[in-house]
Amino acid sequence: MQFPTQSLSRLVLAALLGAACIASGTALAQQKVRLGHAMPTEHPQARTMDKFAELAGKYTEGRVQIQVYPGGVLGGDDKMLQATQAGTQEIYYGAVSPIAGRIKPLQVFDFPFMFNNYDEVDYVFRGAMGQKLFDMMRPLNVVGLAWGEAGFRQLSNSKRAIKRVEDLNGLKIRVMQNPVALETWKAMGTNAVPMSFAEVFTALETRALDGQENPLIHMYANKMYEVQKHITVTNHVYTPCAILVSTKFWNTLSPKDQDALRKAATESMVFHRQIMTAADQDVIAKLRQHGVSVEPLPAAELTKLRTKVKPVIDKFTPEVGSEFVASFFAEIEKARSQAK
């Protein structure tokens with residue numbers, strides 16, 4: 001059977017268009033995306049992001065293939081978060097502090113002694129408040145999938161065991177480079193020194209600093225036990241992290257795959273809590289093997305510290321947003337009421 005030349009041309013064109021559509025569909029069906037985070041491969045966070053990538057591939061039936069870049073390979077938190085907002089990096093996991101200047105309510109995370117335990121944390125971040133915070137980020141071109149954590153921050157120093165509030169007096173403590181942290185540690189009686197974390201170990205080693213504050217796992221990973229022999233468990237600040245997706249990438253996904261990524265993110269954060277809890281206990285044992293004392297500050301002394309820092313919270317509440325702060329603390333109180 002023969003076709004006229006015009007009909008044959010149409011058939012060839014149709015075949016080419018069909019092939020192009022198939023190729024395009026295949027490309028969309030197997031998106032390879034980048035996820036960046038700052039922690040080294042031995043940190044629980046790295047294991048969690050690998051788990052998220054695995055679950056994302058499983059639940060999207062291979063349509064979304066996540067390549068994880070740990071250890072700040074794609075840059076620091078600031079750079080990665082900017083790239084995610086711009087759409088040049090698809091997924092980011094880490095702290096949200098780099099955008100707290102543009103979304104004031106996020107600065108509430110710097111407030112001291114808000115949470116007593118992880119049950120309170122989960123009630124707030126896995127409920128309506130957690131979603132409300134994600135909704136606030138949407139104008140910055142990111143979509144929040146799930147909240148995770150760096151954990152509770154603790155205090156270390158090289159001078160003495162901290163058993164009473166008065167033991168803090170005069171200690172030269174490195175604090176995060178934000179005004180709430182600076183005012184908090186001054187209120188607690190220390191000589192607070194804002195400093196980039198990259199400079200901290202050397203400053204501790206040379207005794208230019210007496211101490212610093214970070215989650216236990218972070219302390220161990222950075223070998224603080226070589227220069228700090230006293231750790232006090234205070235849980236003074238809880239630092240959340242989040243899985244954030246570029247809106248540009250998010251909009252290329254079908255609703256089915258969007259739901260699949262949310263499911264993968266939620267399950268990976270449950271996994272993260274499990275391994276973080278186990279890692280904290282393991283790290284305490286390892287720190288003690290290195291000759292470090294790890295002891296909780298007595299409850300009565302923690303109550304005294306809460307009293308000391310209350311004026312700091314009062315001072316910065318209007319800046320963060322009085323109405324929002326009230327609603328945030330109200331959620332914590334609901335968690336406590338349910339626990340009674």
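This is a predicted model: local features need pLDDT of at least 70, side-chain atom pairs count only at pLDDT 80 or more; totals for chains, interfaces and linings use all residues.
Colleague: Before we start, what are the ground rules on pLDDT?

Modeller: Residues are numbered from 1 along each chain as its sequence is written, and side-chain values use heavy atoms, with hydrogens and water left out. Totals for chains, interfaces and linings use all residues, side-chain atom pairs count only at pLDDT 80 or more, and local features need pLDDT of at least 70.

Colleague: At what angle do the axes of α2 and α10 cross?

Modeller: Two packed helices are described by the angle between their axes and the distance between the axes. Here α2 (residues 44-59) and α10 (residues 255-289) have axes that come within 8 Å. The pair counts as roughly antiparallel (angles over 145 degrees), because the axes cross at roughly 155 degrees.

Colleague: How do the residues of that contact between α2 and α10 divide by class?

Modeller: α2 passes α10 in a right-handed crossing (the near helix is turned clockwise from the far one by less than a right angle). The contact residues divide into four charged, four polar and 15 nonpolar.

Colleague: Is Phe 113 buried or exposed?

Modeller: Most residues other than glycine have a negative phi. Phe 113 is not a glycine, yet has a positive phi of about 55 degrees, and sits in the loop between β3 and α4 (118-125). Its relative accessible area is 7%, and the cut-off is under 20% with a 1.4 Å probe and protein chains only, so Phe 113 is buried.

Methods
Axes are lines fitted to C-alpha atoms, for helices over the stretch in contact, and angles run from 0 to 180 degrees between N-to-C directions. Helices (H or I, at least four residues) and strands (E, at least two) are DSSP runs, numbered from the N terminus. Angles under 35 degrees count as roughly parallel, over 145 as roughly antiparallel, 65 to 115 as roughly perpendicular and the rest as oblique. Ala, Val, Leu, Ile, Met, Phe, Trp, Tyr, Cys and Pro count as nonpolar, Asp, Glu, Lys and Arg as charged, and the others, Gly among them, as polar. Buried means under 20% relative accessible area, exposed over 50%, partly exposed in between (1.4 Å probe, protein chains only).
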